[in-house]
Amino acid sequence: MHTLMLLGAALGYFAASIAFARSFSRASGPGGSRTPTLILFSAFALHTVDLGMEIARAGVLPVATFAGGFSLFAWLVAAVYLGVQARTSLLVVGVFVSPLAFLAAIADVLVRGNDVAVPASLRTPWLTVHVTLALLGNAVFAMAFAVSAAFLLQQHLLRTKRGVSIVHRLPSVQTLDRLSLAFLLWGFPLLTLGIVSGGFLSMSTNGHFWSWEPREVLVVLTWFLYLGLLQLRLLGGLHGRKAAGWTIAAFTFLLASYVLVNLLQIGGGHHQGLTG
């Protein structure tokens, strides 16, 4: 049942991806069509029901494995985007966010299937706190990535004087630059709290706060990468194209380190029974 519902949500995210791309490429007015957002919301609603049923079935948040984190990440990415979209029209960001939600949801279907069991040793509130904070931080950084990609697209169109009809449907480069910084400012505290709560989770399950396994080392490197990026943005005057490029590079590093460490099964608890 879980697999079928999540597959339905994934297909909804895929349909939203197509709808966002079609709506964005057409001259449908400054705000664009509401259809893509409605499709994305429908997929998100189905995903919410599936996640709620799995929580009821498992008794805890079912994210004790690497693959289990994909579904929650897809749900959080969609939730953050829909929340932002309700306040500010960012149709172009949906073009980047919807495929990301689709890929994460379909990865969960293909890799995890119906296995949502959580080991007894991980049935602690710290699991929910740690994974939720860590993946919510990742979802907010994904938004910074999408906004930065939109910035580079808008700047390219302005520089080459091509796609005039698209230029008028994109937010200004100043708005996109400001939004990217705002998402970084929201994501960094979430990343920090995710790391700290992960230490408490490790303490409650393994008896030690930190073990320096490869995943933890990469998380620390990611934390310093975003810290340096924020310092350059707030104190060093970094903005515009360079800031967008570094924001995209930072999220690429975050995503690659998360996926590769778990796929290659390097390290201890994070591939054996933890995610985040």
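Which helix gives the most to the lining of the second largest pocket? Helix 4 does, with four residues.

## Basis

The model is predicted: local features need pLDDT of at least 70, side-chain atom pairs count only at pLDDT 80 or more, and totals for chains, interfaces and linings use all residues. Residues are numbered from 1 along each chain as its sequence is written, and side-chain values use heavy atoms, with hydrogens and water left out.

## The second largest pocket

The second largest pocket has a volume of about 180 Å³. A pocket is an open set of points on a 1 Å grid over the protein atoms alone, where a 1.4 Å probe fits, with protein on both sides within 12 Å along at least five of seven lines; lining residues have an atom within 4 Å of a point. The volume is the space filled by probe spheres set on the points, which are joined across faces, edges and corners.

At least two lining residues come from each of helix 3 (66-87), helix 4, helix 5 and helix 9 (240-263). Helices are DSSP runs (H or I, at least four residues) numbered from the N terminus. Among the lining residues are Phe70, Phe73, Leu100, Leu103, Asn138 and Tyr258. By class, the lining has ten nonpolar, two polar and no charged residues (Ala, Val, Leu, Ile, Met, Phe, Trp, Tyr, Cys and Pro count as nonpolar, Asp, Glu, Lys and Arg as charged, and the others, Gly among them, as polar).

## Helix 4 and helix 5

Helix 4 (residues 91-111) and helix 5 have axes that come within 9 Å and cross at roughly 135 degrees. Axes are lines fitted to C-alpha atoms, for helices over the stretch in contact, and angles run from 0 to 180 degrees between N-to-C directions. The two helices are therefore oblique to each other (angles under 35 degrees count as roughly parallel, over 145 as roughly antiparallel, 65 to 115 as roughly perpendicular and the rest as oblique).

On the helix 4 side, Val92, Val93, Phe96, Val97 and Leu100 meet Ala142, Met143, Ala146, Val147, Ala149 and Ala150 of helix 5; contact means heavy atoms within 4.5 Å. This contact has eleven nonpolar, no polar and no charged residues.

## Helix 7 and its partners

The axes of helix 5 (residues 125-160) and helix 7 (residues 173-206) come within 7 Å, crossing at roughly 160 degrees. Helix 5 and helix 7 are therefore roughly antiparallel. Their contact comprises 26 nonpolar, eleven polar and one charged residue.

Helix 7 also packs with helix 8 (residues 214-234), at an angle of about 145 degrees and with the axes 10 Å apart. Residues of this contact include Asp177 and Phe188 of helix 7 and Trp223 and Arg233 of helix 8. They divide into 13 nonpolar, three polar and two charged.
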